[in-house]
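Dear colleague,

Please find the structure below. My notes on its surface, its backbone and its nonpolar cores follow.

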Amino acid sequence: MFAAIHVPRPLLQSQLREHPGRRYQPVAVLDEAGKLTTSNRERGKLRVMEASGEAEEFGVQRGMTASQAQARCDDLVLFNRSSRSENSLTELLLEVAEQFTPDFEDTEFGTCLLDLGGVAAW
């Protein structure tokens, strides 16, 4: 038997763990545009990678530039990706997985697959 632990919107969740006061506010996480497009005109602009539900209610979506997102939501809080925050979330996810079984795999950022075959029935 297998199970998965999945953190939805892991980039966003990694930031909100460090800024819990922002949890119910419109928030977006930005990354560099060069990773999303090859257009010279667009290169270097920061783009939304993930947005909170509150931000999405204002029309903020993945792929928008930071200025486009802010034009839709004046109160939008913007965070840049943080490898430190992302590593911290991954460590926490793996610690949770270890509580269930020593047989698990970190399959992708925010998702861990657990092999529960050797785990005693609860």
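A nonpolar patch on the surface is formed by Leu92, Val96 and Phe100, which together have about 220 Å² of accessible area (Shrake-Rupley method, 1.4 Å probe, only the protein chains shown counting as cover for residues). Patch members have over 30% relative accessible area and no salt bridge, with nonpolar side chains joined within 5 Å and like charges within 9 Å; a salt bridge is a side-chain nitrogen of Lys or Arg within 4 Å of a carboxyl oxygen of Asp or Glu. Phe100 belongs to helix 4 (residues 83-100) and counts as partly exposed because its relative accessibility is 38% (buried is under 20%, exposed over 50%, partly exposed in between).

This is a predicted model: local features need pLDDT of at least 70, side-chain atom pairs count only at pLDDT 80 or more, and totals for chains, interfaces and linings use all residues. Residues are numbered from 1 along each chain as its sequence is written, and side-chain values use heavy atoms, without hydrogens and water.

Arg9, although not a glycine, has a positive phi of about 50°. Arg9 lies in the loop between strand 1 (2-6) and helix 1 (10-18); helices (H or I, at least four residues) and strands (E, at least two) are DSSP runs numbered from the N terminus.

The largest nonpolar core has 11 residues, including Leu30, Val48, Met64 and Cys73 (buried Ala, Val, Leu, Ile, Met, Phe, Trp, Tyr and Cys joined through side-chain atoms within 4.5 Å). Strand 2 (27-32), strand 3 (46-51) and helix 3 (66-72) each give two or more residues to this core.

Kind regards

Conventions: Buried < 20%, exposed > 50% of the residue type's maximum accessible area, 1.4 Å probe, protein only.
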